[in-house]
Amino acid sequence: TGLPNRLLFSARLEHSIQRLRRAHRSIPDQPLLAVLFVDLDHFKNVNDTLGHTAGDELLQWVAQQLTMLVRTEDTVARMGGDEFTLLIEAVTEPDNAATVARKVIELFAEPRHIGGHEFFITASMGISLYPVDGVNADTLIKHADAAMYQAKNAGGNGYRFADCGMSRPT
């Protein structure tokens, strides 16, 4: 996909956190950056029915679309398999992250034609916010991942915020 991997994403996230700490902007109840954990719903079916080549083409398309969706200061990474993460900088309220999540859902609203096949794609996403949901990269990723599973268990094609102490819209 040409995207950063899990290790590079974690390093970039930790660097962003350190930069915010140095700027003395760590206000306990105010989000400053967001981590979105994105998992493609039912991706295994693509590989099982159409083959890994089609699955790889789909992953490359998703990577390209997610990269074009975010700003240049944000980061998109592939965590592995069909999981992606987004680091959204300069978040001032939870709805900033929700807006990105809604744009990801809209991105997949229409079927895609890749390699002669029509794909109907949906994604489940979890969102964690710094510093409300964690103060280090590992914790933020873990909480975003857990929230993603909540979205997936709720039927997929949606997003959930991590629930670590602040009420937010869903």
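Colleague: Which residue does Asp 41 form a salt bridge with?
Modeller: Asp 41 pairs with Lys 152, and their closest N and O atoms are 2.8 Å apart. A salt bridge here is a Lys or Arg side-chain nitrogen within 4 Å of an Asp or Glu carboxyl oxygen. Keep in mind that this is a predicted model, where local features need pLDDT of at least 70, side-chain atom pairs count only at pLDDT 80 or more, and totals for chains, interfaces and linings use all residues. Residues are numbered from 1 along each chain as its sequence is written, and side-chain values use heavy atoms, with hydrogens and water left out.

Colleague: Where do Asp 41 and Lys 152 lie?
Modeller: Asp 41 is in the loop between strand 1 (33–40) and helix 2, while Lys 152 is in helix 5 (residues 137–153), so the pair ties together parts 111 residues apart in sequence. Helices (H or I, at least four residues) and strands (E, at least two) are DSSP runs, numbered from the N terminus.

Colleague: Is Asp 41 buried or exposed?
Modeller: Asp 41 is buried, at 9% relative accessible area. Lys 152 is partly exposed, at 26%. The cut-offs are under 20% for buried, over 50% for exposed and partly exposed in between (1.4 Å probe, protein chains only).

Colleague: How many salt bridges does the structure hold?
Modeller: It holds 7. One of them joins Glu 73 to Arg 71, with closest N and O atoms 3.4 Å apart. Glu 73 is partly exposed at 43%, and Arg 71 is partly exposed at 36%.

Colleague: And which residue pairs with Asp 95?
Modeller: Arg 102 does, with the closest N and O atoms at 3.3 Å. Asp 95 is partly exposed at 31%. Arg 102 is also partly exposed, at 33%. Elsewhere, salt bridges with shared partners join Asp 39, Asp 41 and Lys 152 into one network.

Colleague: New topic. How many residues line the largest pocket?
Modeller: The lining has 14 residues, and nearest the centre lie Asp 41, His 42, Val 46, Phe 120 and Ile 121. So Asp 41 turns up again, this time beside being buried, at the pocket. A pocket is an open set of 1 Å grid points where a 1.4 Å probe fits, with protein on both sides within 12 Å along at least five of seven lines; lining residues have an atom within 4 Å of a point.

Colleague: Which elements give two or more residues to the lining?
Modeller: Helix 2 (43–50) and strand 5 (117–119) do. Helix 2 gives the most, with 5 residues.
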